[in-house]
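Please look at the chain shown below.

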Amino acid sequence: MPARNRRLPRHLSWPLTSTDIASALGEPPSDALRLSFFDHHWTDGTLLKADWVPPIGSNHGAGLPPDWWSSVFITVAPVPGGERATTRRILREQALPELRRWIDDARHRSQAWALSRHSISWRLAGRSLHLSHDGRPYRPVEPLGP
């Protein structure tokens, strides 16, 4: 989707598209898999984040309707336009395969795990990808071999 249709500032661009994500995950967005594209940066530099929404009643008071429970919310943040191609390549090669594994695991985890909020997120530090689980500090991701 063109940046102008989402009111994204001219100097920013999303490093991934909904097609990139759907292709990597093997499924289109749905009620159980929701995509959003931010129009601003996260302050910690996060580029791609997925959140598990547990099926608990207290979510309803937080403004999340029951049909969103047991869903994964994926959010993509923009990058400067000149960094898009490099960022896209790294996210597609390293983050999206891991995201697919994380979502598959989330859907088959124990009930105890499923009843808590969980997240996974990625950011770039230079040309190196870093990963965070459940808000813990970011750690470097080992690049995949040739």
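Apart from residues within four places in sequence, His 130 is in contact with Ser 121, Trp 122, Arg 123, Ala 125, Tyr 138, Arg 139, Pro 140 and Val 141, where contact means heavy atoms within 4.5 Å. This is a predicted model, in which local features need pLDDT of at least 70, side-chain atom pairs count only at pLDDT 80 or more, and totals for chains, interfaces and linings use all residues. Residues are numbered from 1 along each chain as its sequence is written, and side-chain values use heavy atoms, with hydrogens and water left out.

His 130 belongs to strand β7; strands (E, at least two residues) and helices (H or I, at least four) are DSSP runs numbered from the N terminus. Because its relative accessible area is 14%, His 130 counts as buried; buried means under 20%, exposed over 50% and partly exposed in between (1.4 Å probe, protein chains only). A polar atom of the His 130 side chain lies 3.3 Å from the backbone oxygen of Ser 128.

Trp 122 is also among the residues with the most contacts inside the largest nonpolar core, which has 30 residues. Such a core is a set of buried Ala, Val, Leu, Ile, Met, Phe, Trp, Tyr and Cys residues joined through side-chain atoms within 4.5 Å. The elements that each supply at least two of its residues include β6 and β7, while α3 gives the largest share, 8 residues.

Arg 127 lies in the loop between β6 (118-125) and β7 (128-133). With 65% relative accessibility, Arg 127 is exposed. Beyond four places in sequence, Arg 127 touches Thr 86 and Ile 90.

Note on methods: A polar contact is a pair of N or O atoms within 3.5 Å; within protein, one must be able to donate a hydrogen and the other to accept it, and residues adjacent in sequence count only if both atoms are side-chain atoms.
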